[in-house]
Amino acid sequence: MRILGLPVQFVVVVFVSLALTIYLAGWAASNNIEARSFRTASMNGIPAYQSADADTEAETWERAALLVCPLH
Amino acid sequence: MTTAKPPSSFRTPQRPRVFYWHYAWVIVSIIAVMQMVGSSVRMAFGVFIDPLSTEFGWSQGAITMAYALSSVVTALASPMAGSLGDRLGARKAMMIGCTLFIVGIVLTGVINQVWQLYVTFGLMLGIAQAIFLVPLIPSAMTWFRRHLGLGMGILMAAWGLGPALATPLLGYMIEQFGWKDTFWITAVASAVIMAALIAVYKNKPADHGVDPYGFVPGDPDIGGKRPPAERVKQFTGYMRRTAAYWNLSSIHFLGCVGHAIILIYIIPIAVNEGISLVVAASLVTAMSAVSIITRLATPVMCDKYGPKAVMTVAYLIQGLTVIMLFWTHDVWLFFVFAAAFGIGYGGEAGGFPILNRRYYGFAPVGSAHGFQMLGAGLGMALGGWVGGVIFDMMGNYDLALIISVVASVAGAVSIVLLERTDKLLIPDWEKEHLEEEETQPAPGQVRAPTSAGAD
């Protein structure tokens, strides 16, 4: 059985691996930004529950990871 | 699981000796040394981290990015390297790889910016290593008409020895001479060794005036000449239409994901259980030592019992032993795990050359081998990365261990689903090649095989 001319086993492995990589990268980027926001908020005396409002610039790879991952 | 019978071309009217003196063993030795020398610097990269960090003030993350880049570049360059070997022959490919390797090492010894490290070590040495790794195995295969497993087993075992020998040697040299001089001394020594080895290397048995190892009277004569480049390109196209060409790469990818997670994170896992760093590091040594035995034995067993069965068992051992780590807390149990895991880990890669021989016969398989090495390299990169990300997010490695188990078991399932190995996927390759030589078709006319392999 083939999908797009390629064996289904190969397509499944590629798809699952890409999905895992994209999800983990998005997860890592999201956590990094959240951690930096919390640190910035703490330094500026902003309460923890408002740390998301702290101005935190995302790195290029973090922006890319969040853009690609539909779940983050 | 039934044992696959070898194709009829492998059965002979008389039983050849298993082991006897032949120039093929010289070729195997040359390739083993070339692999050890060519991979030594990259495998021992860890010893350079502190000296570079001390001299230039670079972070460890910035320095190890060069290693990660080198691994990815090697993976991506593997298919190209395989095609290079098919078209030019392994000897010319070695000359190119050797030149790039030595220039890369010399330039690495004069860097003073981190981006220069990425170019010399990451890019140049990454490409050089692809050219070393990929064409040599298919070239070695042409020297074995029979008992391919024996030759491949020795090569696989040597591949495991390289890092074990190189790391302490390079560490000692850095202490004595400093990192810059170590790179230059390595470059000069590598140049001398590689030049000597290339001088006596022969691409095919016919180049040395002998028949392949295991050849007996009555075996089909495959001509002894490298097929024309156009024919190689055509055959590669037919290979890409077989399911095995793609599935073998994804299987290698899964196997490497499975063991990369363990090889890299077993040390912090053990340290988290209260084991000292020195003892934890010796777990990797124990795994490598056990794996040398199965690296040697697996190709031989694949020849005897069938590659699908043997590789399925190796993948299952590699995957299921990882489950032990969920309840392993004591030192002695970690070493039991290391030994058990090492059995599967050592057997993971050994069957691929045998599968290539069973599926594609004596045709040029550099492209297929290169595509499999691409899968392997990407698997090592992904496996090496996911453990760190998961630990940063969750504070433990449980999910990473689950991914390791699932990857290895999925690889085993995928191996079971491969085509049978008792018939060639693209038969009549040799017959078509010989007929082309005898009848000399008109320029521009290519004779197609009588049947193309399909799933």
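# A guided look at chains A and B

Visitor: Does Asn203(B) count as buried or exposed?
Guide: In this predicted model, buried means a relative accessible area under 20%, exposed means over 50%, and partly exposed lies in between, with a 1.4 Å probe and only the protein chains considered. At 12% relative accessibility, Asn203(B) therefore counts as buried.

Visitor: What kind of model is this, and how are residues, chains and ligands labelled?
Guide: Residues are numbered from 1 along each chain as its sequence is written, while chains are lettered from A and ligands numbered from 1 in the order in which they are written. Side-chain values use heavy atoms, leaving out hydrogens and water, and local features need pLDDT of at least 70, side-chain atom pairs count only at pLDDT 80 or more, and totals for chains, interfaces and linings use all residues, since this is a predicted model.

Visitor: Which backbone nitrogen does the side chain of Asn203(B) reach?
Guide: Asn203(B) is located in the loop between helix H7 (179–200) and helix H8 (229–240) of chain B, where helices are DSSP runs (H or I, at least four residues) and strands are runs of E (at least two), both numbered from the N terminus. At 3.1 Å, the side chain of Asn203(B) reaches the backbone nitrogen of Ala90(B).

Visitor: How many helices does chain B have, and how much of chain B is buried?
Guide: The chain has 16 helices and zero strands. Among its contacts (heavy atoms within 4.5 Å) between residues at least 6 apart in sequence, 85% join residues at least 24 apart. Of the 455 residues of chain B, the share that counts as buried is 54%.

Visitor: What pattern does chain A follow along its sequence?
Guide: Chain A has 72 residues, of which 31% are buried, and of its contacts between residues at least 6 apart in sequence, 56% join residues at least 24 apart. Its secondary structure comes to two helices and two strands, and read along the sequence these follow the pattern β-β-α-α.

Visitor: Which element of chain A has the highest mean pLDDT?
Guide: Chain A averages a pLDDT of 81, and 85% of the residues score at least 70. Among its elements, the lowest mean, 83, belongs to helix H2 (residues 60–68), while the highest, 93, belongs to strand S2 (residues 6–7).

Visitor: How much area is buried between chain A and chain B?
Guide: The size of an interface is often given as the accessible area lost when the parts come together, here with a 1.4 Å probe and summed over both parts. The contact takes 15 residues from chain A and 20 residues from chain B. Carbon and sulfur atoms give 72% of the buried area, which is about 1,500 Å².

Visitor: Which element gives the most to the side of chain A that touches chain B?
Guide: Across the interface the rule finds four residue pairs in polar contact, both residues at pLDDT 80 or more, where a polar contact is a pair of N or O atoms within 3.5 Å, one able to donate a hydrogen and the other to accept it within protein, with residues adjacent in sequence counting only if both atoms are side-chain atoms. The elements that give two or more residues to this side of chain A are S2 and helix H1 (8–43). With eleven residues, the element that gives the most is H1(A).

Visitor: What is the relative accessibility of Leu4(A)?
Guide: Leu4(A) lies in the loop between strand S1 (2–3) and S2 of chain A, and has a positive phi of about 55° although it is not a glycine. Leu4(A) counts as exposed because its relative accessibility is 83%.

Key. pLDDT is the predictor's confidence in each residue, from 0 to 100. Buried area is the accessible area (1.4 Å probe) that two parts lose on being put together, summed over both.
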